Amino acid sequence: IWRIPRRESIVLTPSHCPICNKRIKFYENIPILSWALLNGKCSKCKSNISIVYPIVELVTGGLFAITYIHSFLLNYSLPMLIASLVGICMFMSVFFIDLQHKIIPNKITYFAIIFSLIMSTIFPSYTGQKTHELGFVNSLSGLVVGGAILSIISFAGRKFFKQEIIGDGDIKYMAAIGACFGLLPPAWFFILLIGSLLGFFSGLTLIIFKKKSFDSIIPFGPFLSIAGIIWVLYGKEIIHI
């Protein structure tokens, strides 16, 4: 969430304070606990450490625990667990990055697409299919349909409203979501529908309370992420409603 928008390596560079560049020791990097013990400040320069860090750690940890229960303890599916945890990471990253920077990095969407195509081929059952061929086709179909739907909406917006209503990042993100969950069951439709409704009502609320105007840019990625998390946790129950 911090490094990718700033084009920093998430592998090679050790954790460090962005203000004084002090390398963070392992005991200062324990999720939630270290932030609390450090009183939310760098141990060297005493600059504030954003509360976003413990929030992300707490929410992600909670989502991981719930996903483990749903995907593994209840369904005994290791491939589903792996795919779901990667999905949670994608949704959490996009939620905060798009909210703050109004971009959805290609590094995240492209990785999700490649990962999903590989997983659906090796473990087709995680997309609800029985053979490797059908698993790959299902994932690829979701990729095409997810991207195509938002591409059509984007084209219509430019044609009739003479402005950009859907960004290229949103199109790629929806394509990645389609690849993650496949065309069947229609997870992409649920995520797009719920994400659109959340975005509409949130935007309307901000306009009513004069926090935004009608021509304001409201990032779509966070709402798709919330809908995606709902699907990961309760998709099976939703299908059987």
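**Helix packing and a few local details**

Arg 7 is exposed, at a relative accessible area of 77% (exposed means over 50%, buried under 20% and partly exposed in between, using a 1.4 Å probe and protein chains only). The model is a predicted one, with local features requiring pLDDT of at least 70 and side-chain atom pairs counted only at pLDDT 80 or more, while totals for chains, interfaces and linings use all residues. Residues are numbered from 1 along each chain as its sequence is written, and side-chain values use heavy atoms, with hydrogens and water left out.

Back to Arg 7: this residue sits in the segment before helix H1 (33-37) (helices are DSSP runs of H or I with at least four residues, strands are runs of E with at least two, and both are numbered from the N terminus). Its phi is positive, about 60°, although Arg 7 is not a glycine. Asn 21, also in the segment before H1, has a positive phi too, near 70°, and is likewise not a glycine. Asn 21 is exposed, with a relative accessible area of 57%. For background, most residues other than glycine have a negative phi.

Next up is helix H4 (residues 106-122), whose 17 residues reach 24 Å from first C-alpha to last. That is close to the 24 Å expected at 1.5 Å a residue (the expected span being 1.5 Å times one less than the number of residues). The buried residues of H4 include Ile 108, Thr 109, Ala 112 and Phe 115. Packed against the buried residues of H4 are helix H3 (78-101), helix H5 (132-160) and helix H6 (168-181) (contact here means heavy atoms within 4.5 Å).

Leaving aside residues up to four places away in sequence, Thr 109 touches Ile 104, Lys 172, Tyr 173 and Ala 176.

H4 and H6 pack at about 20°, with their axes 8 Å apart (axes are lines fitted to C-alpha atoms, for helices over the stretch in contact, and angles run from 0 to 180 degrees between N-to-C directions). The two helices are therefore roughly parallel (angles under 35 degrees count as roughly parallel, over 145 as roughly antiparallel, 65 to 115 as roughly perpendicular and the rest as oblique). Among the residues making this contact are Asn 106, Tyr 110 and Ser 116 of H4, along with Ala 179 and Cys 180 of H6.

H6 also packs with helix H8 (residues 221-239), at an angle of about 10° and with the axes 11 Å apart. H6 and H8 therefore count as roughly parallel to each other. Here the contact involves Asp 170, Tyr 173, Met 174, Ile 177 and Phe 181 of H6, and Gly 221, Leu 224, Ser 225, Trp 231 and Val 232 of H8.

Finally, Ser 77 is found in the loop between H2 and H3. Ser 77 is buried, with a relative accessible area of 17%, and its side chain reaches the backbone nitrogen of Met 80 at 3.2 Å. Not counting residues up to four places away in sequence, Ser 77 touches Ser 71 and Phe 72.

Note on methods. Polar contact = N/O pair within 3.5 Å; in protein donor to acceptor, adjacent residues only side chain to side chain.
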